[in-house]
Amino acid sequence: MALKKTNTTKTRKIANITSIVLYFFITAVFIFETTIARMPINYVYAVPLMLLALIVLTVIIRNTINHYKLAFNVPFALYLFYTALMISFDWKTNHYLLVYLALCAISCIYSHFNRTLTFIIIVNIINAVLIINNPDIYSFNIPLFLTLLNWGISLFASIIMLVLARAATIHLDRALEHQQSFMDLLDSTENYVAMVNEQNEVVYASKTLSQLSNTEDPSLVQGRPLIDLFPGKSLKLYAGKMLKEKDNYAEDWEFSLSGQKRYFKAASHGLRGGSSGALISLYDMTHLAERDEIAVMKDSMKIGLFFMDSNFIIQDHYSRYLEEMLSDTKLFGKLFTDIISDSVSTNELNAITDYFKMVLERSYDQDMLDDINPLHELHYVNKTTGDRKIFQFDFATVERGKGEVFILATVYDITIRVELLQRLAEEESRRQEEMQAVFELIQVDPGTFNDFMKDMEYELSTIANIQKNEALSAHESLVKIYQSVHAIKSNAVILGLNIFGKKVHNLESRIKKLREMEGNVPFAEMLNLTMEIEKIIKEKEGFKDTIAKLQTYAGGNRTAVQEKQNVKVLLESLSKTTSKAANDLEKQIKFIATDIDADAIDKGPRRVMKEILMQLIRNSAVHGIESPDDRKAKGKNETGVVKLSIKLSDDKNYILIRFIDDGQGLNYKRIAEKALSRKLIKKEDITNKDMLIKAIFSPGFSTAEVEGVHGGRGIGLNLVRDRIKEINGSIKLRSEDGRGVIFLVTLPVGEDK
């Protein structure tokens with residue numbers, strides 16, 4: 001087939017060269033004969049005609065894409081050129097017949113029967129017209145009978161050449177048809193096919209084989225040694241052995257290519273007709289070998305293995321254990337992204353899809369892909385069965401079949417391992433918390449800690465009574481529980497019990513969310529809240545055990561002080577509250593206690609007094625006292641001051657508490673905006689200071705922008721109001737813009753309720 005193609009190209013070249021030679025021959029004969037005959041030549045007409053004919057002939061030969069058209073175009077152009085010369089020479093020549101026959105021969109050489117037939121018919125029609133007008137076209141000055149005889153002879157000769165051209169064209173068309181079919185086969189086959197000559201050079205090669213040498217066009221590898229097409233030492237060794245035994249060779253090849261293990265079934269057969277060439281065929285068995293290997297592994301390995309295509313569809317061969325892992329069956333044809341969609345968010349699923357595309361592109365470093373793997377730890381949820389597991393996925397690419405790239409996914413069930421690590425981490429965290437809690441307890445004064453424990457037990461008892469009170473709605477219960485939890489947290493934070501304080505703070509956050517729920521609070525949520533409160537109670541009992549251990553280690557020196565609350569303990573607690581709040585809020589605040597009546601403290605409601613004063617101090621620190629820079633800008637001392645006085649009334653029946661701070665005072669505009677947004681006041685009351693002051697004592701009301709441990713949740717002043725109300729006390733508030741606030745509290749003498 002290659003020889004036929006080569007012969008066709010050579011024949012076309014011979015025909016082109018012959019046409020050019022004939023042009024120059026016609027031109028030379030014309031000049032020679034006119035010179036011998038001493039005929040005058042009109043070179044003004046003849047020379048441009050010769051140049052024009054040469055240009056036209058060259059353009060036709062060089063620019064004709066469909067070469068079969070040359071069988072008509074080239075000889076007809078020469079025929080018109082020669083006829084024009086003869087007309088200018090007045091037909092005084094005897095070579096017109098020979099030139100016509102030569103043109104017929106050139107047309108036949110181009111080997112296209114239909115074009116040659118067309119040329120002969122058209123030329124003879126023109127000849128007939130010319131003979132009618134001038135009988136001397138075939139020979140000068142002869143009878144018409146001889147002219148017709150010459151015409152008949154030339155026509156007969158051209159018909160003979162046409163018959164020969166027909167036979168040649170039929171064989172050529174068949175050869176070209178076979179050749180084209182073979183070329184189509186090479187372009188479409190998935191196998192690695194090549195034809196080599198006796199020198200083991202490539203005559204033809206399939207596209208797949210040429211791509212082995214990074215060449216997309218198979219025609220570019222023609223003439224190259226076959227062994228050069230194979231990359232890598234192992235492949236070249238296989239190819240060399242095959243070419244030595246190319247007449248009858250069949251063997252399996254196993255090698256690595258681009259880091260992937262490949263399997264080929266190679267065969268070679270000698271060509272017929274005594275040629276030393278051979279037909280080489282390589283069949284890629286990689287996907288079959290992989291399938292067999294996976295088939296062996298998939299039923300014995302306790303890991304999940306599966307392939308998915310570029311559309312993330314799971315393929316037919318996957319490990320049996322995969323169905324058990326995913327709690328799903330008949331995975332073939334399912335989208336992997338659909339299977340995990342219930343386990344990830346929409347944004348996470350989009351990121352996973354983008355990651356798979358990066359894997360398929362195969363242009364990224366594998367280590368980098370492993371580092372950014374979004375499924376390194378997937379908390380899998382099967383929505384149908386409710387099963388929950390933790391999986392680790394690894395992904396790699398594999399070429400199968402038609403060179404299509406698939407993702408090979410390996411799945412490991414790491415549920416037990418992750419849960420064990422979590423338990424170890426939780427245990428370590430718990431141990432660290434216990435050590436920190438012990439350290440914090442050591443720093444607390446025994447008397448102060450004893451008060452803290454008594455106050456916490458009171459608040460927990462109050463919470464228990466609230467939960468039992470069926471007359472209260474869920475929201476009413478939550479407000480009261482919130483107050484007690486807030487009181488416990490405040491006391492813990494002030495004492496420096498930060499570990500315990502954070503736990504109570506989280507409980508407070510949970511209650512806040514429930515309190516803000518619209519409609520009825522679900523029973524399940526209230527039950528969960530009860531369980532969280534039980535955890536706090538256990539923490540409290542743990543404090544007792546820790547204190548007992550500390551007393552044992554200290555030889556009984558750290559006994560709890562059972563004395564009644566006195567001035568020193570109360571003032572120390574309030575001073576610590578001030579320092580803690582100031583440090584946490586990065587402010588400078590000084591606590592000053594004047595006119596402190598010891599009898600008032602001893603006879604008063606100890607717990608309530610301590611609780612409301614701590615809340616007032618925290619309220620001043622958060623909302624009243626400005627930052628040092630702000631105070632300095634206002635012309636104030638950088639250090640803010642909170643003052644406290646406690647004394648008995650003249651009739652000894654009431655305790656009078658006066659609490660003052662020199663901060664910025666109440667921001668009535670901000671209070672009005674917040675109260676109006678929460679519908680605590682009407683629009684016409686935004687300038688009514690009494691209504692605004694009443695609003696700040698409402699549960700959940702706060703003008704703070706950010707919530708924190710010391711305030712911002714709107715429970716502090718609400719707690720103060722309710723605690724005072726519970727013991728039939730009263731509270732009044734006065735505020736001056738830029739100069740601070742004054743709280744006047746009146747409490748009846750008596751024990752805590």
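This is a predicted model: local features need pLDDT of at least 70, side-chain atom pairs count only at pLDDT 80 or more; totals for chains, interfaces and linings use all residues.

Reader: Let's start with the rings. Why is the pair of Tyr 23 and Phe 81 called tilted?

Author: It is one of 20 aromatic pairs in the structure. The ring centres of Tyr 23 and Phe 81 are 5.2 Å apart, and rings pair if their centres lie within 6.5 Å. Their planes stand at 35 degrees, so the pair is tilted: stacked would need under 30 degrees and edge-to-face over 60.

Reader: And what makes this pair a tie between parts of the chain?

Author: Tyr 23 belongs to helix 1 (residues 2-36) and Phe 81 to helix 3 (residues 70-88), so the pair ties together parts that are 58 residues apart in sequence. Both Tyr 23 and Phe 81 are buried.

Reader: On to charges. How do you know that Glu 508 and Lys 489 form a salt bridge?

Author: Their closest N and O atoms are 2.8 Å apart, and the cut-off is within 4 Å. The structure holds 23 salt bridges. Glu 508 sits in helix 17 (residues 498-515) and Lys 489 in helix 16 (residues 474-495), so this pair too ties together parts of the chain, 19 residues apart in sequence.

Reader: Are Glu 508 and Lys 489 buried or exposed, and how do you know?

Author: Glu 508 has a relative accessible area of 0% and Lys 489 has 1%. Buried means under 20%, so Glu 508 is buried, and so is Lys 489.

Reader: What separates Lys 580 and Asp 584 in helix 19?

Author: About one helical turn, because they are 4 residues apart in helix 19 (residues 567-584). Lys 580 and Asp 584 form a salt bridge, with the closest N and O atoms 3.7 Å apart. Lys 580, at 21% relative accessible area, is partly exposed, since buried means under 20%.

Reader: Why does Glu 726 count as partly exposed?

Author: Its relative accessibility is 39%, which falls between the 20% and 50% limits. Its salt-bridge partner Arg 723 is buried, at 3%. Glu 726 and Arg 723 are also linked with Glu 459, Arg 607 and Glu 611 in a network of salt bridges.

Reader: Finally, which residues gather in the patch of positive charge?

Author: Lys 647, Arg 658, Lys 732 and Arg 734 gather there, on the surface. Take Arg 658, in strand 13 (residues 654-661): its relative accessibility is 35%, and patch residues need over 30%.

Conventions:
Residues are numbered from 1 along each chain as its sequence is written. Side-chain values use heavy atoms; hydrogens and water are left out. Patches are made of residues with over 30% relative accessible area and no salt bridge: like charges are joined within 9 Å, nonpolar side chains (Val, Leu, Ile, Met, Phe, Trp, Tyr) within 5 Å. Accessible areas come from the Shrake-Rupley method with a 1.4 Å probe; for residues, only the protein chains shown count as cover. A salt bridge is a side-chain nitrogen of Lys or Arg within 4 Å of a carboxyl oxygen of Asp or Glu. Lys and Arg count as positive and Asp and Glu as negative; His and the chain ends are not counted. The place of a charge is taken as NZ of Lys, CZ of Arg, CG of Asp or CD of Glu. Helices (H or I, at least four residues) and strands (E, at least two) are DSSP runs, numbered from the N terminus. Buried means under 20% relative accessible area, exposed over 50%, partly exposed in between (1.4 Å probe, protein chains only). Rings of Phe, Tyr and Trp (its six-membered ring) pair if their centres lie within 6.5 Å; planes under 30 degrees apart count as stacked, over 60 as edge-to-face and the rest as tilted.
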